[in-house]
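Let's take a walk through this model together. Have the coordinates open and follow along as we go.

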Amino acid sequence: MDDGSSIFRKAMTSWWKTLKNRYTYYQWQKAFQIKKHLQNIENIFHDVNGFELSYLEKKDHPNLSLTYGEIHLESFLALLSLAKPRPEHVFYDLGSGVGKTVFAASMVYGFQKAYGIETLKNLNSIARNKQKKHARDLNMEFIQQDVQQVDWHDAHILFMNVASFVSDTWEALSKKLCEKPAPIIITCSKPLNNQKFSIHETKVLCSWGIVPAFIHTIKIT
Ligand SMILES: C[S@@+](CC[C@H](N)C(=O)[O-])C[C@H]1O[C@@H](n2cnc3c(N)ncnc32)[C@H](O)[C@@H]1O
């Protein structure tokens with residue numbers, strides 16, 4: 001049974017941990033000017049509703065696999081920071097929607113190149129137009145393509161919010177990811193099922209709730 005002093009010690013340790021985490025969070029926010037960049041993205045995309053655009057494009061041929069959703073951008077940037085991103089890295093979002101994640105990744109971590117791959121034409125066009133109008137200086141490319149067709153040989157970090165991928169797409173894609181892995185693969189919702197990866201599990205906030213996120217790195221044997 002706990003005596004008074006051990007309860008006090010536990011309370012102090014948890015209080016200290018919370019304080020330390022909060023301090024690390026503020027330091028991270030300040031170092032990467034997170035608030036400024038998020039405000040910038042909000043201004044750029046203030047007139048865009050990805051949910052509606054996606055719905056309108058699929059209206060005549062509904063496809064459950066293309067269900068739209070967005071990751072909360074600060075949560076996404078914090079997740080990405082766990083992968084230790086560097087300016088010389090090349091980043092891909094497979095299933096990039098209107099491209100907010102690609103803008104955020106590029107602005108904050110200054111990637112050599114950031115790609116957004118999206119199958120829906122309207123969503124991809126929005127991303128391209130926003131880049132042309134607001135971010136010509138960022139090295140981003142938005143490609144309308146099926147994720148299974150992507151050649152990611154130059155990728156250092158692959159990100160995918162896979163909740164909307166149907167099982168066929170996910171199975172084919174995970175097979176390809178295991179055969180031709182990038183150094184870091186980040187998935188939200190589901191992990192890759194393969195022994196060659198070490199997996200760090202965490203949680204992120206998405207428009208449909210809190211979901212598990214997985215950072216895969218290849219095991220060095
Ligand atoms: C859940 S949304 C994620 C959007 C963004 N990456 C984010 O996390 O905020 C998934 C996106 O993947 C796209 N998508 C689904 N299947 C795809 C496929 N086979 N090829 C390319 N894009 C796909 C959907 O149209 C949708 O825009």
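What follows goes from the sheet to the pockets and then to the salt bridges.

Some ground rules first. This is a predicted model, so local features need pLDDT of at least 70 and side-chain atom pairs count only at pLDDT 80 or more, while totals for chains, interfaces and linings use all residues. Residues are numbered from 1 along each chain as its sequence is written, and side-chain values use heavy atoms, with hydrogens and water left out.

Start with the sheet. Helices (H or I, at least four residues) and strands (E, at least two) are DSSP runs, numbered from the N terminus, and two strands pair if DSSP finds at least two bridges between them. On that basis, 7 strands make an open sheet with mixed pairing, and the order reads β3-β2-β1-β4-β5-β7-β6. At the edges stand β3 and β6 (197-206), each with a single partner strand, so one side of each has no neighbour in the sheet. From one strand to the next, the twist averages 15 degrees (axes are lines fitted to C-alpha atoms, for helices over the stretch in contact, and angles run from 0 to 180 degrees between N-to-C directions). Now look at β1 and β2: they run parallel and are joined by 5 bridges. Phenylalanine 91 stands opposite alanine 114 in β2.

Pockets come from a 1 Å grid over the protein atoms alone: a pocket is an open set of points where a 1.4 Å probe fits, with protein on both sides within 12 Å along at least five of seven lines, and lining residues have an atom within 4 Å of a point. Grid points are joined across faces, edges and corners, and a volume is the space filled by probe spheres set on the points.

The largest pocket has a volume of about 580 Å³. Its lining counts 34 residues, and Thr67, Gly95, Glu118, Ser164 and Phe165 lie nearest the centre. The elements giving two or more residues to that lining are β1 (90-94), α5 (100-109), β2 and β4 (157-161). By class there are 15 nonpolar, 14 polar and 5 charged residues (Ala, Val, Leu, Ile, Met, Phe, Trp, Tyr, Cys and Pro are nonpolar, Asp, Glu, Lys and Arg charged, and the others, Gly among them, polar).

The second largest pocket comes in at about 230 Å³. It is lined by 13 residues, with Glu70, Ile71, His72, Leu73 and Lys100 nearest its centre. Here α2 and α4 (73-81) are the elements that give two or more residues, and α2 gives the most, with 3. As for α4, 7 of its 9 residues are buried, where buried means under 20% relative accessible area, exposed over 50% and partly exposed in between (1.4 Å probe, protein chains only).

Finally, the salt bridges: a side-chain nitrogen of Lys or Arg within 4 Å of a carboxyl oxygen of Asp or Glu. The count comes to 5. In one of them, aspartate 47 meets lysine 130, with the closest N and O atoms 2.9 Å apart. Aspartate 47 sits in the loop between α2 (34-44) and α3 (50-58) and lysine 130 in helix α6 (residues 121-134), so the pair ties together parts 83 residues apart in sequence. Aspartate 47 is exposed at 51%, whereas lysine 130 is buried at 11%.

Glutamate 141 and lysine 113 form another, at 2.7 Å between the closest N and O atoms. This pair links strand β3 (residues 140-144) to strand β2 (residues 113-118), the two residues being 28 apart.
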